[in-house]
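Thanks for coming. I'd like to walk you through one structure today.

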Amino acid sequence: MRDLLPSHRPALVLAPMQDVTDLPFMRLIARYGGPDWFVTEYFRITPDSKPDGLILKSITENDTGIPVIAQMIGQDIPALVRNAKLLEKLPIAGIDLNLGCPAPVVCRKDAGGGLLRQPERVDEILRALRDTIQGRFTVKCRIGFTDKAEFPRLLEVFQKHSINGLTVHGRTVRDAYKTPVHPECVAMAVRSMPCPVIANGNVVDVPTGLAYLRQTEAAGLMLGRGAIRHPWLFEHLRNHWEGRESRPKTGRDMLDYIQALYDMTAAFNPHFQADLHVQKMKRYMVFITTGIAEGELEYRIRRVTTEPDFFALCREFLDHDTPLPARPPVESSVFCGFSELR
């Protein structure tokens, strides 16, 4: 993993978000500077599963030139081993195990973040996968299921298996996305692990990213919701480290981004229907609209159903050259607790 890290600055990674960070989004975010590597949406691994064809496209048809790590989620060891062998035949930069997804439907199946309740089971899975995976093997986790006091035990398990990288989302599974992150837990991982540690959660702008790095000494940042809201965030962080100035982005810049996002994702859908695609766009717009026009755009965009109404509303609020808010409102229900990173 260390060979993927830039030599002169911290690494930047796009967080995997199911049904959001697919191939068209990867292609688009690459135009805005993009990360140092991608991690795919997770491949759901069950006894009878094979790698999902649409997610595979983010590997086999990825023409961005940016390395891609394939992420798996599941708890059936033979199936995880079998799928790891299949994925390693593809042009991937490594395989990642998801131990962080907080979705209840996932946790009920003892997968994702649900596995953090069973450190012994995690131990078994990591042993089997480390024995199987020939290339880079990384883990993405949270700091516990219910309490951050669980994290030291999890780190003991991770230390045993020569993983090549660890990404830590600094919340518990129960926290979901509703609390500030706990940088002290990420810092504990940095001190404990022999591999690079990437900090994840609540980076919405350059100052929050710099604060997270300062408090953790992590090798880099993984950006998710903040990068969807502001696709220039990767570029702005690089500019800071490389001594360049970043131009504030305007409403018209955002309008161009939304149009490009709509077009890119629409072209990827072989069964495009405008009304259904407007609903897909709302998965992105919940992050993009936060803090614009004191929440009015966010409120109204949730209620549009047609393509003409969608773009008319975007133009109404964004067809201007006024700089956008630098960060979400502190009271945002989508970006909770980011102001604690300072």
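**Helix packing and ring pairs**

Let's start at a helix contact. On one side, in helix 7, we have Pro183, Val186, Ala187 and Val190. They meet Tyr212, Gln215 and Thr216 in helix 8. Keep in mind that this is a predicted model.

How do these two helices cross? Helix 7 covers residues 183–192, and helix 8 covers residues 206–216. Their axes come within 8 Å and cross at roughly 50°. That angle makes helix 7 oblique to helix 8. The crossing is right-handed.

Now, which residues of helix 7 are buried? Pro183, Cys185, Val186, Ala187 and Ala189 are. Helix 8 is one of the elements that cover them. The cover also includes helix 6 (151–159), strand 6 (165–169) and strand 7 (197–200). Look at Pro183, Val186 and Ala187 again. These three are buried, and they also meet helix 8.

Next, a second pair: helix 11 and helix 14. Helix 11 runs over residues 251–267, and helix 14 over residues 307–318. Here the axes come within 9 Å and cross at roughly 160°. Anything over 145 degrees counts as roughly antiparallel, so helix 11 and helix 14 are roughly antiparallel to each other. This crossing, too, is right-handed.

What makes the contact? From helix 11 come Gly251, Arg252, Met254, Leu255, Ile258, Gln259 and Tyr262. From helix 14 come Glu307, Phe310, Phe311, Cys314, Arg315 and Leu318.

A search of the whole structure finds 9 aromatic pairs. One of them is Tyr262 with Phe311: centres 4.9 Å apart, planes at 70°. Planes over 60 degrees apart count as edge-to-face, so this pair is edge-to-face. Are they buried or exposed? Both Tyr262 and Phe311 are buried.

Phe311 has another partner, its neighbour Phe310. Those ring centres are 5.0 Å apart, with planes at 85°, so this pair is edge-to-face as well. Phe310 and Phe311 are both buried.

The charged end of Arg117 sits over the ring of Phe145, 4.4 Å from its centre. And Arg225 lies over the face of Tyr177, at 4.0 Å from the ring centre.

Now some backbone points. Which residues have a positive phi without being glycine? Asp19 is one, at about 65°. Ala293 is another, at about 55°. Asp19 is in the loop between strand 1 (11–14) and helix 1 (23–31). Ala293 is in the loop between helix 12 (274–288) and helix 13 (296–301). Asp19 comes in at 41%, so it counts as partly exposed. Ala293, at 36%, is also partly exposed.

Last, a proline. Pro78 is found in helix 3, residues 77–87. Its relative accessible area is 59%, so Pro78 is exposed. How far is Pro78 from Pro119? They are 41 residues apart in sequence and 18 Å apart in space, C-alpha to C-alpha.

That's the tour. Over to you.

Key:
Residues are numbered from 1 along each chain as its sequence is written. This is a predicted model: local features need pLDDT of at least 70, side-chain atom pairs count only at pLDDT 80 or more; totals for chains, interfaces and linings use all residues. Side-chain values use heavy atoms; hydrogens and water are left out. Rings of Phe, Tyr and Trp (its six-membered ring) pair if their centres lie within 6.5 Å; planes under 30 degrees apart count as stacked, over 60 as edge-to-face and the rest as tilted. Helices (H or I, at least four residues) and strands (E, at least two) are DSSP runs, numbered from the N terminus. Buried means under 20% relative accessible area, exposed over 50%, partly exposed in between (1.4 Å probe, protein chains only). A charge sits over a ring if NZ of Lys or CZ of Arg is within 6 Å of the ring centre and within 35 degrees of the ring normal. Axes are lines fitted to C-alpha atoms, for helices over the stretch in contact, and angles run from 0 to 180 degrees between N-to-C directions. Angles under 35 degrees count as roughly parallel, over 145 as roughly antiparallel, 65 to 115 as roughly perpendicular and the rest as oblique. A crossing is left-handed if the near helix is turned anticlockwise from the far one by less than a right angle, and right-handed if clockwise. Contact means heavy atoms within 4.5 Å.
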